[in-house]
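Reader: I would like to go through this structure one feature at a time. Please give the general idea where one is needed, and then the case at hand.

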Amino acid sequence: MSTLLKPAPATPESAASRETVLILDFGSQTAQLIARRVREAGVFSLLVPPTISPEEVKRLSPRGLIFSGGPASVYEPGAPRFDPALLKLGVPILGICYGMQITCQTLGLKVTRADHREFGRANIDLSDRRDLLSTLPERTIVWMSHGDQVFAEAAGGGAAPRAMDVLASTPTCPLAAVRLRAPDLTFYGVQFHPEVTHTPEGATIIQNFLYDVCGCQGTWRMSSYVDQAINDARARIGRDRVICGLSGGVDSSVVAGLLHKAVGEQLTCIFVDTGLLRKNERELVENTFRDHFHVDLRVVDASAKFLGDLAGISDPQEKRRRIGHRFIEVFQAACKADPKISHAKFLAQGTLYPDVIESGHGHAGTSAGIKLHHNVGGLPEDIGFELVEPLRELFKDEVRRLGDVLGLPERLIWRHPFPGPGLAVRVIGDVTREKLDILRECDQIVLQEIESAGLYRSTSQVFAVLLPVRSVGVMGDGRTYDNVVAVRAVVTEDFMSADWARLPHEVLARMSSRIINEVRGVNRVVYDISSKPPATIEWE
């Protein structure tokens, strides 16, 4: 039975034995950022659906609850809600944006469309700088993203049904931060997003909630996560065999390292040559994992099948879907052909939380679907394996820290990400062998110049993209009509948002000159200066 769309189950016993904060995910694109900020403050966090029962919350014994933002309006039919009994558990609650609105509405306050929407940076004035907002200046910058507001009156008019303190406001949002007081309730609501880096004092606000309101001590560390992940993997896999789809990137490599520690020889890694890889990628993976780590590694050349699946296909979602399906067929065929792994029950993947969110598979089931990821929304419904995804709740930087704790080599931990669908999503439009060969050469030049300039560690991801256009050029006094290549370089902490890298002009000049002179079929190079959002890091 496939566990494709289900997050790994929480472990109540381990969560209850340490400081834990539960984040109810109402479909926010930044819900995992909240969990990350909580972990950075030294408190263990779990993302849970908003439908979680009061009994389950009691069993997990959290020190606090955080209600995330979300894309819905609380007054819309079908908007995600929570059990009002959660407000009577005596557990402190912080509501962020939608989380503030849905809680205030549940308590009888008016929530409706605002006269003035707020998107982006805003200045807020603090009128109460105790507990949640302690140590903050009287005026600070926050990141707003809302079209609805809470009003200081009952839903049907008249006075507010609960005692409420206004903590902060903006000229167009009188209730930018509030405190609601009752014998059975400690609730703080903020209309802005403290979890994003665009709110400079956001980490302080979250720490104030954890330490001053919830009474946490901040004793959790990534090493604790490693120990628990290993124990969870052992308990789930038991004596069964697990195969790991190994790409050579940091995500699948960390999964392989984690599972090797957990179940040892029960793990077999399968590297699939899709024909969509970077130059010399197959040799690098074989040399690293088979010769140095002594992992049971199988290499399958399925390039003809992948390229056949992609023939004439230009829609990026369909590319990802076909690639995801073919991966599963290759894994199934590899197991069937090898008696040692023919009864493999589990398939391990390096799925990260950004993959889950962008594919629209968050805990609330209401996240906007940005694009399918071949390993999330691109897989067939019945894959023939149970999925093991120990990194599903982590960001890229957290995975790197986990890899460091596991003792993986630095060159592997800090390798730039490479998409699972490979160069298929960097050849814009239909995919052919000729286009892939051109792109491989361009991409290698881009990475060589980044490394030689000493910029590899200061950039997060750098690559070339082959565009579906041709341009007129002049070479050797003659006219050319050749391909255009875009260079993409970004810096980011978590890959949920990113800024374009300000590469030195001389580096860009060397890239352009080498690509045009060394790669036949290219006569123009452009540089992508789009941030995420509104763009994504990959072009498809």
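Reader: Which residues touch the most other members in the largest nonpolar core?

Author: A word on the source before the answer: this is a predicted model. The largest nonpolar core has 120 residues, and I243, L259, F331 and L402 touch the most other members. Take I243 as the case: leaving out residues up to four places away in sequence, I243 touches T268, I270, F331, C335, I341, A344, F346, L347, A348 and F385. Another core lies apart from this one; it has 36 residues, among them A31, V190, F192 and I206.

Reader: What is the strand order in the open sheet of 9 strands?

Author: The order is β2-β1-β3-β4-β9-β8-β7-β5-β6, and the pairing is mixed. To find the edges, look for strands that pair on one side only; here they are β2 (44-48) and β6 (139-154). Neighbouring strands of this sheet are turned by 25 degrees against each other on average, direction ignored.

Reader: How many bridges join β4 to β9?

Author: There are 4 bridges between β4 (residues 93-96) and β9 (residues 185-190), and the two strands run parallel. Within this pair, G95 stands opposite G189 of β9.

Reader: Which strands does helix α2 lie across?

Author: Helix α2 (residues 31-40) lies across β1 (20-24), β2, β3 (64-67) and β4, and runs at about 165 degrees to β2.

Reader: Is α2 mostly covered or mostly open?

Author: A general point first. An α-helix has 3.6 residues a turn, so residues three or four places apart point the same way. In the present case α2 is mostly covered, with 9 of its 10 residues buried. The buried ones are A31, Q32, L33, I34, A35, R36, R37, V38 and R39. Just after α2, G42 has a positive phi of about 85 degrees.

Reader: How is the crossing angle of two helices read, and at what angle do α9 and α10 cross?

Author: Angles over 145 degrees count as roughly antiparallel. The axes of α9 (residues 303-310) and α10 (residues 316-337) come within 10 Å and cross at roughly 150 degrees, so α9 and α10 are roughly antiparallel to each other. Their crossing is right-handed. The contact is made by K305, F306, D309 and L310 of α9 with K319, R322, I323, R326, F327 and V330 of α10.

Reader: At what angle do α7 and α12 pack?

Author: Helix α7 (residues 250-263) and helix α12 (residues 396-406) pack at an angle of about 40 degrees, their axes being 10 Å apart. The two are therefore oblique to each other, and the crossing is left-handed. On the α7 side the contact involves V250, D251, V254, G257, L258 and K261, and on the α12 side K396, V399, R400, L402, G403 and L406.

Reader: Where are D131 and T135 found?

Author: D131 is in the loop between β5 (109-126) and β6, and T135 is in the loop between β5 and β6 as well. D131 has a positive phi of about 30 degrees although it is not a glycine, and T135, not a glycine either, has a positive phi of about 75 degrees. D131 is partly exposed, at a relative accessible area of 23%, while T135 counts as exposed at 68% relative accessibility.

Terms used:
Residues numbered from 1 in each chain as written. Predicted model: local features only at pLDDT ≥ 70, side-chain atom pairs only at ≥ 80, totals over all residues. Heavy atoms only, no water. Core = buried A, V, L, I, M, F, W, Y, C linked by side-chain atoms within 4.5 Å. Buried < 20%, exposed > 50% of the residue type's maximum accessible area, 1.4 Å probe, protein only. Contact = heavy atoms within 4.5 Å. Pairing = 2+ DSSP bridges. Axes fitted to C-alpha atoms, helices over the stretch in contact; angles between N-to-C directions. Parallel < 35°, antiparallel > 145°, perpendicular 65-115°, else oblique. Left-handed = near helix turned anticlockwise from the far one by under 90°.
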